[in-house]
Amino acid sequence: MPVTITVYGGAGEIGGNKILLEDGENRLFMDFGVSFGARGLYYEEFLNPRSPLGLLDPLVMSLLPPLRGAYRDDLVVSPEVWDRVRAHPHYREIPEIQGVLLSHAHVDHSGYISFLKETIPVHATRMTAFIAKAMQDVAGADLEREVGYTSPRLPTEDGLLAPDRKRFVQRPFAFVDGPPERQEALLFWGSSPAKTKGIEPAPLLPAGRVGDLPVGYFYVDHSIFGACGFVIETSAGWVVYTGDLRLHGGHSQLTETFVREAAALRPTVLLCEGTNVGREAQTSEEQVYEHALRLIREARGLVIADFGPRHIERLLTFYRVARETGRTLVILAKDQYMLEAIRLASGGPWTLTEMEDVLIYAERKGMISTVETRIRQRYAARLVSPEQIRADPPRFILCLSFFESKHLIDINPLPGGLYIYSSTEAFEEEQEIDQRRLQNWLARFGFQHVGFEGTEGLHASGHASGPDLLRMIRSIGPRILVPVHTVMPQLFAERLAGTDIRVLLPKPGVRFAV
Ligand SMILES: [Zn+2]
């Protein structure tokens, strides 16, 4: 039996990685993420797959590969679901899948684990698992975020599915870098975000093997803590999967070590991300720090910094800038919850200590979740109100994004503030619309803004540049390279022409032997 690989997501697209590896009766997925491209073809913020219909919408609209046997039984609203996709060219009745290797907690790699059978073990670093759980805890009920634990669905009288009011069920995890030792961390892993129902625990599983296949991991540097690549020993030799990585970040030595160790295996296959294969130089995090520092030194009013809330490296950059400029960083309660999760998972290359001088913004809102209530109680002394910010705007750097623009109404700062956009460039139409709206908010409240062009050096990408990727691939020297997580896979073939490396461009859902 040949070893086969099927790229169900991540072929010719950035993200949505769902890569199936099969070796005899051994079957595993590398990541199982949301394809924002496929999802965005039909859905947006106010038009979502209908969760009371479980698998129906994501299967019929091809957000999930039609693999009968891979998904949770409680999400099958009626047997007709499978009839709807039986004619799909990728339809398949798939035997047992023994594991998912989760490279990191970005939703385009992790999100659709939600739909997979709740008995399939997830192999991930402790940090990735904790971040995924914290994201789920703050997301509230969201069928597309059930990575750490499931909220089992029960059939209703109307023939729909509704969450069981009494249960959450933990997924079985194998922490590749060892289980948490501290009692506090174990408590977090098992804690429920709801007041009324607990999480039924699943045992922590040993890592190092999926089915009969030995599996190893290597930390890599990416724009989220906990990222790793995987190596799998198959009957056709070693298969290496990079996840997302870069060589220009604060932990680039991790990626260097990964490259060295992967090369030593003389792998048959390298599945390599290629988000930025078309780009040359990259802004480093240190440059982001320098640019932000210069801007904030000159700022006279309130500063707002906009970056992804899970991007701890960026948060630490602005924390440094805040200290240098005599300002105080203000974050949201849900961000503080994430920081707690990261602190509890700390160890190895990623450590975060408590930042006592970071304040927590007391949002004005009617419904405050259980998770947020707990944070507000625990950190009551560190809460800061909109009025306190209005009274002394130059004292603060507020970490907010577009979706929190509404808080400007409560803060009502004097004109003269500065908004620093320190996140990915808008590359999709929807984001461009959001960005236009955001600019309207900023104009209304008298903010200057910087960073929207993406050329000001206020964002360091999480992905390696083209030259770095090619250097890495040549060092690892696989027999076959499979570019994933890129819209320019053919560029790899062009750049590696004339070498011993065969570049295999994957087609979505088409199985190939290695
Ligand atoms: Zn990523």
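Visitor: How many nonpolar, polar and charged residues are in the lining of the second largest pocket?
Guide: The lining has 13 nonpolar, seven polar and 15 charged residues. Asp, Glu, Lys and Arg count as charged, Ala, Val, Leu, Ile, Met, Phe, Trp, Tyr, Cys and Pro as nonpolar, and the others, Gly among them, as polar.

Visitor: What kind of model is this?
Guide: It is a predicted model, in which local features need pLDDT of at least 70 and side-chain atom pairs pLDDT 80 or more, while totals for chains, interfaces and linings use all residues. Residues are numbered from 1 along each chain as its sequence is written, and side-chain values use heavy atoms, with hydrogens and water left out.

Visitor: Which elements give two or more residues to it?
Guide: Those are α5 and α11, and α5 gives the most, with four residues.

Visitor: What about cavities, how many of 30 Å³ or more?
Guide: There are four, a cavity being a set of points where a 1.4 Å probe fits but cannot get out. The largest cavity has a volume of about 50 Å³. Its lining includes A105, V107, M135 and R145. By class, that lining has five nonpolar, three polar and two charged residues. Here too α5 gives the most, with three residues.

Visitor: Changing topic, what coordinates the zinc ion?
Guide: The donors are H104 (NE2), H106 (ND1), H222 (NE2) and D244 (OD), at 2.2 to 2.4 Å; N, O and S atoms within 2.8 Å of the metal qualify. In sequence the donor residues are spaced H-x1-H-x115-H-x21-D.

Visitor: Are H104 and H222 buried or exposed?
Guide: Both H104 and H222 are buried, that is, under 20% relative accessible area with a 1.4 Å probe. H104 lies in the loop between β6 (99-101) and α4, and H222 in the loop between β15 (213-219) and β16 (228-234), so the pair ties together parts 118 residues apart in sequence.

Visitor: And R376, where is that found?
Guide: R376 is in helix α11 (residues 370-378). R376 is buried, with a relative accessible area of 16%. Beyond its neighbours within four places in sequence, R376 is in contact (heavy atoms within 4.5 Å) with A362, E363, I368 and L383.

Methods. Buried means under 20% relative accessible area, exposed over 50%, partly exposed in between (1.4 Å probe, protein chains only). On a 1 Å grid over the protein atoms alone, a cavity is a set of points where a 1.4 Å probe fits but cannot get out, and a pocket is an open set with protein on both sides within 12 Å along at least five of seven lines; lining residues have an atom within 4 Å of a point. Grid points are joined across faces, edges and corners, and a volume is the space filled by probe spheres set on the points. Donors are N, O and S atoms within 2.8 Å of the metal (3.2 Å for Na, K and Ca); water is not among the atoms, so sites may look incomplete.
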